[in-house]
Amino acid sequence: MPNYDLHSHTYHSDGTLSPSDLVKRACCNGVDVLAVTDHDITTGIREAQGAAQAAGILLVPGVEISVTWGAQTVHIVGLGIDPDEVSLQAGLAEQLKFRSWRAEEIGRLLERKGIGGAYSGACSRARGALISRTHFAQFLAAEGYVRDKRDAFAKYLVRGKPGHVPGQWATLPEALGWIRASGGHAVIAHPARYKLSATRLQRLLTEFKESGGEAIEVVSGSHSRDDCLRFATLSVRYDLLASSGSDYHGPEAPWVDLGKLPPLPESCRALWASWQIADFPPGGA
Ligand code: AMP
Ligand code: MN
Ligand code: MN
Ligand code: MN
């Protein structure tokens with residue numbers, strides 16, 4: 001059975017490795033098929049494709065799109081996208097515009113709490129065009145305002161905390177529209193992270209499917225064994241396919257690594273079951 005890892009980040013979003021180093025590490029770890037899925041940006045894909053070709057592994061071009069659903073942020077992974085597709089890039093440009101404004105706003109909010117230089121500190125930690133809350137967390141930890149990144153999120157960057165700015169991301173149908181227009185397959189990322197009631201989860205899965213969503217990330221670096229079994233059952237109940245991805249961001253978080261995921265539970269139908277190696281990447285990009 002090939003080793004699939006269909007969710008990972010480079011320093012083009014909030015990961016810490018270059019696309020080439022990410023691919024090298026995936027290859028060393030035994031990954032056969034790797035998806036690079038940076039947040040709201042596709043600028044790392046070209047380099048990753050070159051590195052994957054050199055390393056002899058398959059690269060799935062991907063993206064993880066931030067979506068505002070209800071009052072919540074939900075992440076949708078698109079796999080097998082064509083990164084040059086016009087409507088996808090137009091949508092991602094809007095996401096980036098909001099990110100830039102939000103970063104300035106987070107800087108202003110932290111300034112009011114007596115934390116100066118957060119905006120420029122976050123910008124200088126971003127290696128690409130995209131600024132993430134992760135870059136603010138890195139700044140807050142490096143400057144000694146918090147113990148570590150996790151503490152930075154808990155104290156400053158999540159809802160109810162002084163540096164929080166509510167998301168104004170794409171709607172679910174918009175994000176799925178961009179993924180589908182670019183030939184990709186849409187997957188709900190790390191579903192156990194959303195803390196939804198049973199009714200709201202039911203609604204999310206239904207709306208996702210109605211908009212053309214295909215799969216749930218049943219196996220994820222952030223899922224417990226119970227989470228995995230729970231979402232395996234839900235994937236079958238909702239007739240959705242199952243995906244698997246580490247959500248690797250870099251070696252600073254050694255508890256998650258590329259290609260070290262448990263297998264999909266037997267009850268699931270794998271998203272990749274119908275992918276043909278001959279016409280890789282899936283989606284035809
Ligand atoms: P953003 O898309 O800029 O709002 O940032 C979201 C990213 O922050 C996620 O993709 C995670 O990588 C990271 N993140 C979110 N919550 C936490 C947390 N509690 N601790 C550490 N990282 C987090
Ligand atoms: Mn992230
Ligand atoms: Mn995510
Ligand atoms: Mn991710």
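I looked up the second largest pocket and noted a volume of about 260 Å³. The model is predicted, so I kept its limits in view: local features need pLDDT of at least 70, side-chain atom pairs count only at pLDDT 80 or more, and totals for chains, interfaces and linings use all residues. Side-chain values use heavy atoms, with hydrogens and water left out, and residues are numbered from 1 along each chain as its sequence is written.

For pockets I used this definition: on a 1 Å grid over the protein atoms alone, a pocket is an open set of points where a 1.4 Å probe fits, with protein on both sides within 12 Å along at least five of seven lines, and lining residues have an atom within 4 Å of a point. A volume is the space filled by probe spheres set on the points, which are joined across faces, edges and corners.

The lining of the second largest pocket includes Met1, Tyr4, Ser244, Leu261 and Trp272. By class I noted nine nonpolar, three polar and no charged residues there; Ala, Val, Leu, Ile, Met, Phe, Trp, Tyr, Cys and Pro count as nonpolar, Asp, Glu, Lys and Arg as charged, and the others, Gly among them, as polar.

I then turned to the largest pocket, which holds about 1,600 Å³ of space. Of its 40 lining residues, His75, Arg133, Thr134, Phe153 and Arg193 are the closest to its centre. The lining divides into 10 nonpolar, 18 polar and 12 charged residues.

Strand β6 (residues 215-220) runs parallel to β7 and is joined to β7 by five bridges, and Ala215 has Leu241 as its bridge partner in β7.

Which residues does Val218 touch, leaving out those up to four places away in sequence? I found, among them, His223, Phe231, Ala242, Leu264 and Cys268; contact means heavy atoms within 4.5 Å.

Finally I checked Phe139, which is placed in helix α5. Phe139 is buried, with a relative accessible area of 5% (buried means under 20%, with a 1.4 Å probe and protein chains only). Beyond its neighbours within four places in sequence, its contacts include Ile115, Ala118, Arg125 and Tyr145. Phe139 and Arg125 are 14 residues apart in sequence and 7.7 Å apart in space, C-alpha to C-alpha.

Note on methods: Chains are lettered from A and ligands numbered from 1 in the order in which they are written. Two strands pair if DSSP finds at least two bridges between them. Helices (H or I, at least four residues) and strands (E, at least two) are DSSP runs, numbered from the N terminus. Buried means under 20% relative accessible area, exposed over 50%, partly exposed in between (1.4 Å probe, protein chains only).
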